[in-house]
Every structure is written in structure tokens, then in C-alpha cells.
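User: I am new to this structure and would like to learn how to read it. Please take me through a few features, one at a time.

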Amino acid sequence: MIKKISLKIGRNELCPCGSGKKYKKCCAMKKSQIDPNDVEAYYKRKYDIRLKDSEAVDKIRKAGDLVVQTHELVKGLIKPGITTDEINAVVHEFTIKNGAVPAPLNYKGYPKSVCLSINDVICHGIPSARELLDGDIVNVDITSILDGFYADANQTHFVGTPSQDAIKIVSVAKESLMRALAVVKPGNTIGDIGHAIQTYAEGQGCSVVREFIGHGVGHDFHEGPQVPHFGRKGHGIPLVPGMVFTIEPMINLGSPELYVLDDHWTAVTRDGSLSAQFEETIVVTETGYESLTPLGL
């Protein structure tokens, strides 16, 4: 049985207006400002965030299950000698075979069905005849559309025997995501997510990419809210049940600066340092969160 998601604001939770005060000491005293039983309308009006009901969450979860299955298939392919085009073909065929659509294909002109970003490529690497080499790291970013609903997840893999630098950056990126997930619950804020990532990654001597951020997902590829991977505790939009979004920190071993290649997609570190990323699609629940793309990190 699917549990209905409650959208009612608790009196001791942070007020959705973003004031930083508890609801009981803010908009609860201004009844014309917000109806605690109509948080869905309020979030759409104020933040352009479309909260998801249990039916929508279930459909995103099913799309997420396919994304996870696709990642498991790709994981078995990662080895020296395989080309990124070959991996793209497998992702495309598996997605179509399962009645879904690869969301990246033709999205704003993107030419492939998956993003594959190697070594100093931060994100949006385009599959090609380039072979994976021993010692590479490669980020695989998969988004599928199933029955009209989107789910999005990525993870970074070692190719063959990793270097110490590769081990470090992949470990820090993975832990950054885990620390971010740990603060997701009603009453916390988008800023708490970014703060958890930034303080950990920078504390490890790494940097956080600013130009690319997490985002709402479900009815469309990119929705509200925007989810920066840096920020201040207690700032930003308060989290409420029914919010569905990605957290996808991109962590560089060197500086955070980047540039985009002439293909207008491939983003690489300006100093040539390694970059790694992990991402999951989550829904905020009444007590915390649920991953809709559980990669078993």
C-alpha cells in the first residue's frame, strides 16, 4: 500500500516563506499569507516548485528502478578497451527495450543517450570512439523517462587500477553526497544541503563546482528547486514532504574553475585536475527522505 504524503506544516517546523522563523511564530500568525493545509499551492506560487503526491512519487520510483538497473548493467561493462560509444549503445538499447526514453538524447541538442565524463571532465561528456584506459575514472550519468516521469542518477567508476588521486576524489565525492542526504528532512533547508557538502569537501582539500547544481525532477528533466552544492546552514527554501529533487555534487581535486569545450557541452576542470560526481533522485518524506534511485553507495 502506498502511504499518502502529508503536506501539512508542523507548527515547530521552519516557515515555508523562508523567514528562518518557526511556522508558529511567522505565517501561522498571518493567516492570509499561507494555509498550512495548502502547502502545495503555496510552494508552486512562491517557489515554482511542484510538490509530488504519492501517485507521482510511485511513478518516479519506477523510473528510478530502471535507472538503477541500467547502472548495474553499465557497471559490468566498465573496463579498459571499451569505448564510450559502446556504453552509450547499451544504455540506449536497454532503455528502449524497457519501454522508456533516454532523457539526454536530443535534449537541447545533446546528441547521445547518456553522459560519460572521464578524468578531468566534470559533466556532460559526450560518448565517442574514445576507449577507456587503465587508471581512468568515468562518471556515468543516466536519466530515463518512463510513463512520462523522469528519474536521474549518476556515479563515478574506476577503470582498472586507480591512482591514489583517483581513490581520493571518488571517495570525497561519494561521501559528499552521503553527508548531504543525512541532512534532508522537513524543516531543514536547501542551504543545509549545500553547507554539508561544501564544508566536508573543502575540509578534504577539494573544491565544489558552482556552475552546475542539483534540481527538481519528475514531471520534467529540470524543475524547481535549484539545489546548490554550497551554502549556509538555515538559508534557502525550507524542505517539506513531497519535494523531489537531485543532489549531485561535482567535486574537483584541484580548483573549482572550469571551461566548456567547443561542443558546447563538455565541461572540464580549468587546471586539469580530476573531477568526480555522485547523484541520486530523492523525495522528502515526513521523517527524512527516500532515495528513488538507490545506487547502494
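Analyst: Strand E3 pairs with strand E12 (residues 267–269) in the antiparallel sense, over two bridges. Strands (E, at least two residues) and helices (H or I, at least four) are DSSP runs, numbered from the N terminus, and two strands pair if DSSP finds at least two bridges between them. Cys123 stands opposite Ala267 in E12. This is a predicted model: local features need pLDDT of at least 70, side-chain atom pairs count only at pLDDT 80 or more, and totals for chains, interfaces and linings use all residues. Residues are numbered from 1 along each chain as its sequence is written, and side-chain values use heavy atoms, leaving out hydrogens and water.

User: In what order do the three strands of the open sheet lie?

Analyst: The order is E3-E12-E11, with antiparallel pairing. E3 (121–123) and E11 (258–260) are the edge strands, each pairing on one side only.

User: How are two packed helices described?

Analyst: By the angle between their axes and the distance between the axes. Here the axes of H4 and H5 come within 8 Å and cross at roughly 150°; axes are lines fitted to C-alpha atoms, for helices over the stretch in contact, and angles run from 0 to 180 degrees between N-to-C directions. Contact means heavy atoms within 4.5 Å. In H4, Val172, Glu175, Ser176, Arg179 and Ala180 meet Ile193, Ala196, Ile197, Tyr200 and Ala201 in H5.

User: Which residues does Ile193 contact, leaving aside its neighbours within four places in sequence?

Analyst: Ile193 is in contact with Ala180, Val183, Val184, Val227, Leu239, Phe245 and Ile247.
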